[in-house]
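Colleague: I am new to this structure and would like a close look at a single part of it. Please take the helix packing and the residues around it, and go through them in order.

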Amino acid sequence: MAPQDSKPAGGAELVEVVAATGGAVLLTAALIALAHLHRAGRTDLLRRAAGWAARRTGLTAWSALPSLLVALSLVTALFGMYWDIALHIDDGRDAGPLANPAHYFILIGLFGIFASGLIAIALPDEKPSRAAVKIAPGWYAPLGGVVLLATASFSLAGFPLDDVWHRLFGQDVTLWGPTHLMLIGGAGLSLIGHAILLVEGGPKIDPVRWAKGFLGFIARTRLAGVCGGLLIGLSTFQAEFDFGVPQFRLVFQPLLIGVAAGVALVAARIYAGRGAALAAVAYFLVIRGIVVLLVGPVLGETTPHMPIWVAEAVVVELAALWIGRERPYLLGAVAGLGIGTIGLAAEWGWSHLWMPMPWPGAMLEEALALVPVTAVAAGLVGAFVGTALAVPRFPGRLPVPRAA
């Protein structure tokens, strides 16, 4: 029998549940009220903020502000997630959800994604794109904003459901619990909504001619950058392997690397053009590298590691030079095969250089049977995503992927 003074294995204290729920309700109500006042013409706060963002990014005003906000929010949530995992590895269970400082970064980041979607829906005065969703007479919401709102809501729902899960089944020790997958899955897939928003609200003028400073650089590389973000989002499912504490078989690591590379890097090359796969990896390495430094050396927690991705990006670029993006599904299949073989070999070597768990030779036979097939499938998905995003930029030059 457990000692009488032992901590319960279930959820949070009721007072913390009430405080967190009350705070979320108040923030959501304030955001909805701001959107309502904007639509009613009783405040110009959102309009002025959107105008400032548009002048610095070249995007249309209704997409510029949410695009900047969602990018900042995703980085905030990413840092919180990796810090949270490191804290659990080093210190064990939380005293409560509000006692873990990393949770605040996760919550602020996820709510920022939610706010980005709601602001994108509230801002447009006219129909923003052909794909826009009609909300009311004269009010059309950009599809990217709808996707951002939906994915963020799904992710945020993981927080209260996580507490219910722990009350029913006790504390788990895996990232791949159902509610944890809601949290990281919703946030990771919000990058699709961000990419759609950039397509709908693309710049009216060439940003190369006017963009200055850091925001100008981000504007010029925004297409590759959002695909780099997608690569980061898909790589979060590998976090247990990055920390060297996997609760599932090690062969899942090269499988997940193949999936992330096939989807994000093939999509980047088709969507953003020549060199975009390498640029997406550069975004990944910079952002994840900063997170590694902050969580490990700066905060003194267990250091998260990461795949290197460079070989996979080179494979995609070479396949695109040979095939061309005008045949996206052939490109996706060939690039996926290269990712599942050449990329697998490169990551195998990288695992012995820096990853916390070097891949053993005993895993090679199973990895060779599974990873190439998985990467080809992921490459086809990446071709679908990249083509769907690129069609508005290249009308008549890419097949519309309706059948796929």
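**Helix packing and the residues around it**

Modeller: Helices H4 (residues 101-122) and H6 pack with their axes 11 Å apart, at an angle of about 30°. This is a predicted model. An angle under 35 degrees counts as roughly parallel, and H4 and H6 are therefore roughly parallel to each other. Their crossing is left-handed. On the H4 side the contact is made by Leu110, Ile113 and Ala120, and on the H6 side by Leu183, Ala187, Ser190 and Leu197. Sorted by class, the residues of this contact are six nonpolar, one polar and no charged.

H6 (residues 178-200) also packs against helix H8 (residues 222-235), here at an angle of about 165° and with the axes 8 Å apart. Because angles over 145 degrees count as roughly antiparallel, H6 is described as roughly antiparallel to H8. The crossing of H6 and H8 is left-handed. From H6, the residues Gly188, Leu191, Ile192, His194, Ala195 and Leu198 take part, and they meet Arg222, Val226, Gly229, Leu230 and Gly233 of H8. The contact of H6 with H8 divides into six nonpolar, four polar and one charged residue.

Cys227 is found in helix H8. With a relative accessibility of 4%, Cys227 counts as buried, because the cut-off for buried is under 20%. Apart from neighbours within four places in sequence, Cys227 is in contact with Ala264, Ala267, Ala268, Tyr271 and Ala280. Cys227 and Gly202 are 25 residues apart in sequence, and their C-alpha atoms are 16 Å apart in space.

Gly386 is found in helix H14 (residues 364-390). Leaving aside neighbours within four places in sequence, Gly386 is in contact with Ala267, Ile270 and Tyr271. Gly386 has a relative accessible area of 0% and is therefore buried. Along the chain Gly386 and Leu353 are 33 residues apart, and 32 Å separates their C-alpha atoms.

The next pair is helix H10 (residues 252-272) and helix H12 (residues 310-323), which pack at an angle of about 45° with their axes 10 Å apart. That angle makes H10 oblique to H12. The crossing of H10 and H12 is right-handed. H10 supplies Ile257, Ala261, Leu265, Val266 and Arg269 to the contact, while H12 supplies Glu312, Ala313, Val316, Glu317, Ala320 and Leu321. By class, this contact of H10 with H12 has eight nonpolar, no polar and three charged residues.

In soluble globular proteins, nonpolar side chains tend to be buried together. The largest nonpolar core here has 102 residues, and those touching the most other members are Tyr82, Ile113, Leu231, Leu265 and Trp309. Helix H3 (residues 61-91) gives the most to this core, with 13 residues. Ile113 also takes part in the contact of H4 with H6, and Leu265 in the contact of H10 with H12.

Not counting residues up to four places away in sequence, Tyr82 touches Ser235, Thr236, Ala239, Asp242, Phe243, Arg288, Val291, Val295 and Pro304. Trp309 lies in the loop between H11 and H12. At a relative accessibility of 0%, Trp309 counts as buried. Most residues other than glycine have a negative phi. Trp309 has a positive phi, near 65°.

Is Ile287 buried or partly exposed? Ile287 has a relative accessible area of 22% and is therefore partly exposed. Not counting residues up to four places away in sequence, Ile287 touches Leu78 and Ile232. Ile287 and Val75 are 212 residues apart along the chain, while their C-alpha atoms are separated by 7.8 Å.

Methods
Residues are numbered from 1 along each chain as its sequence is written. This is a predicted model: local features need pLDDT of at least 70, side-chain atom pairs count only at pLDDT 80 or more; totals for chains, interfaces and linings use all residues. Side-chain values use heavy atoms; hydrogens and water are left out. Helices (H or I, at least four residues) and strands (E, at least two) are DSSP runs, numbered from the N terminus. Buried means under 20% relative accessible area, exposed over 50%, partly exposed in between (1.4 Å probe, protein chains only). Contact means heavy atoms within 4.5 Å. Axes are lines fitted to C-alpha atoms, for helices over the stretch in contact, and angles run from 0 to 180 degrees between N-to-C directions. Angles under 35 degrees count as roughly parallel, over 145 as roughly antiparallel, 65 to 115 as roughly perpendicular and the rest as oblique. A crossing is left-handed if the near helix is turned anticlockwise from the far one by less than a right angle, and right-handed if clockwise. Ala, Val, Leu, Ile, Met, Phe, Trp, Tyr, Cys and Pro count as nonpolar, Asp, Glu, Lys and Arg as charged, and the others, Gly among them, as polar. A nonpolar core is a set of buried Ala, Val, Leu, Ile, Met, Phe, Trp, Tyr and Cys residues joined through side-chain atoms within 4.5 Å.
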